[in-house]
Amino acid sequence: MTRDHPRPVVLRKKLSRSIRQGHPWIYRDALNVRDVLENGAVVEVRTRDGRPIARGFWDERSPIAVRVLEAGGPGHRFANADSLVTERLRAALDRRLERLDLSKTNAFRWVHGENDLLPGVHVDFYADTAVVRFDGDGPRAFYEPFETRLRLAAQPRLPIRAVIDRSAPRTGVETDEREIVENSVRFVVDLVRGQKGGLFIDQRENRIRVAGRARGNSVLNLFGYTGGFAVHAAVAGAQSTDTVDMARPVIEAARRNFELNNLPMDRARFHILDVFTFLTAAVQRGDRWDIVVSDPPSFAPKKAAVHAARQTYQRLHELASAVTTPGGLLCASSCSSHFGKDDFLASIEAGVRQAGREWVFEAQYGAAFDHPVLTAFPEGDYLKFVMGRVH
Ligand SMILES: C[S@@+](CC[C@H](N)C(=O)[O-])C[C@H]1O[C@@H](n2cnc3c(N)ncnc32)[C@H](O)[C@@H]1O
């Protein structure tokens, strides 16, 4: 790989400012490229008058042709790409280990891509295994040999038993499970079949926020996956929990997670159902819960889907507030970066009003600390978690 001799690519569009401010993506149509470049090739980004302003690496196929590693003004000396990666892997791990007690929480995001200045790669750590996802072949080629780099950066602090590449096809492996702890609550995580690398660890701090309010209350966990919010609420003394998800395997896993924590099963109910169907029936029956948590998949995975998403979120919030006890707590989440904070809050307010109820906002949170957000990269600010009272 031509790491020491970066190949020039020239900006066609006026992007120098946003690149210098730290935006890590350059789209193909913003560049003039004369050479044929291979995946992972280190490139030097130049202005039209030939001034180098950044270094990054090439992706042959993605619309994001260059992911920027380092930007710099006149006279800047760019670092060697290999050293940068090693340093940044170590620094990212330092930031996690400074704040985590591994005996209580041993599932965390070690590398959060662009937001940890390691564009195009994500690493989650589960007990003793690193689960890696590359955003395409450009990043995979650039970070090669990534497993060796990870092991080196982890020494001697974090023993790694295995490294799994979730973005590479794995044939013949059906499941690969680990037991982890999250704030001392136990979960079994399927590293092969599980969504998002196994567990939605970005909601870790929000699960604690909900658990903090759960004692003595009934809790409805919508889009419950393997029971994260409900298990934490039950451990914290919830009077009852209902977990709803349309995927049978995740509901079975949720049940196992309750058992794993020796929780009373007569106070835990599980529903393999579409959330909208479940809520519509619950509204008709007049069922109510003191705390309702809604954590759907992204309704707006693309910009073009935002209009439809607005309606879906609003309908969901209408139904969710209709089943919240008067004065109860609605915790609504969205993991779509295309659907902004203001839009999301508006969808809650409109939905609650539509249900004939009143909304009193309490607080808004984002992803857990191991999912940092780079100010210059709004695309990376995806998770919203809003708590408020429904009167
Ligand atoms: C973002 S995850 C939820 C993560 C979970 N709150 C946690 O803390 O682990 C979304 C879940 O919604 C489920 N899902 C998607 N659409 C659904 C629907 N219409 N009805 C029920 N579940 C749905 C998926 O199976 C997935 O488990």
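Which residues come nearest to the ligand? Of the 18 residues around the ligand, those that come nearest are F223, Y225, G228, M246 and D295, where a residue is near a molecule if its C-beta atom, placed from the backbone, lies within 6 Å of it.

## Basis of the model

This is a predicted model, in which local features need pLDDT of at least 70, side-chain atom pairs count only at pLDDT 80 or more, and totals for chains, interfaces and linings use all residues. Residues are numbered from 1 along each chain as its sequence is written.

By class, the shell around the ligand comprises 11 nonpolar, 4 polar and 3 charged residues. Here Ala, Val, Leu, Ile, Met, Phe, Trp, Tyr, Cys and Pro count as nonpolar, Asp, Glu, Lys and Arg as charged, and the others, Gly among them, as polar.

F223, one of the residues that come nearest to the ligand, is found in the loop between β13 (218-222) and α6 (228-235). Its phi is near 60 degrees, a positive value in a residue other than glycine. F223 counts as buried, with 20 C-beta neighbours inside 10 Å; a residue is buried if 20 or more other C-beta atoms lie within 10 Å of its own, exposed if 12 or fewer, and partly exposed in between, with C-beta atoms placed from the backbone.

Helices (H or I, at least four residues) and strands (E, at least two) are DSSP runs, numbered from the N terminus. Strand β16 (residues 289-294) is mostly covered, as 5 of its 6 residues are buried.

Two strands pair if DSSP finds at least two bridges between them. β13 and β16 run parallel and are joined by 4 bridges, with L220 opposite V292 of β16. β16 also pairs in the parallel sense with strand β17 (residues 324-334), over 5 bridges, and there the bridge partner of V292 is L330 in β17.

## The six-stranded sheet

An open sheet of 6 strands has the order β2-β6-β5-β4-β1-β3, with mixed pairing. Its edge strands are β2 (25-27) and β3 (31-32), each of which pairs on one side only. Within this order, β4 and β5 pair in the antiparallel sense over 5 bridges, and V45 has A54 in β5 as its bridge partner.

## Helix α2

Helix α2 (residues 81-99) has 19 residues and reaches 28 Å from its first C-alpha to its last, close to the 27 Å expected at 1.5 Å a residue; the expected span is 1.5 Å times one less than the number of residues. The buried residues of α2 are A81, V85, L89, A92, L93 and R96. They lie on the same side of α2 because they cover an arc of only 105 degrees around the axis, the arc being that of the directions from the helix axis to the C-beta atoms.

On the other side of α2, S83, D94 and E98 are exposed. The elements that cover the buried residues of α2 include β4 (42-46), β5 (52-58), β6 (64-71), β7 (107-112), α3 (137-143) and α4 (146-154), with contact meaning that two C-beta atoms, placed from the backbone, lie within 7 Å.

## Backbone features in loops

A cis peptide bond joins E144 and P145, with omega about -5 degrees, and P145 is found in the loop between α3 and α4. Another cis peptide bond joins Q155 and P156, with omega about -10 degrees; P156 is placed in the loop between α4 and β10 (162-165).

N183 lies in the loop between β11 (177-182) and β12 (185-190). Phi of N183 is near 45 degrees, a positive value in a residue other than glycine. N183 is partly exposed, with 14 other C-beta atoms within 10 Å.
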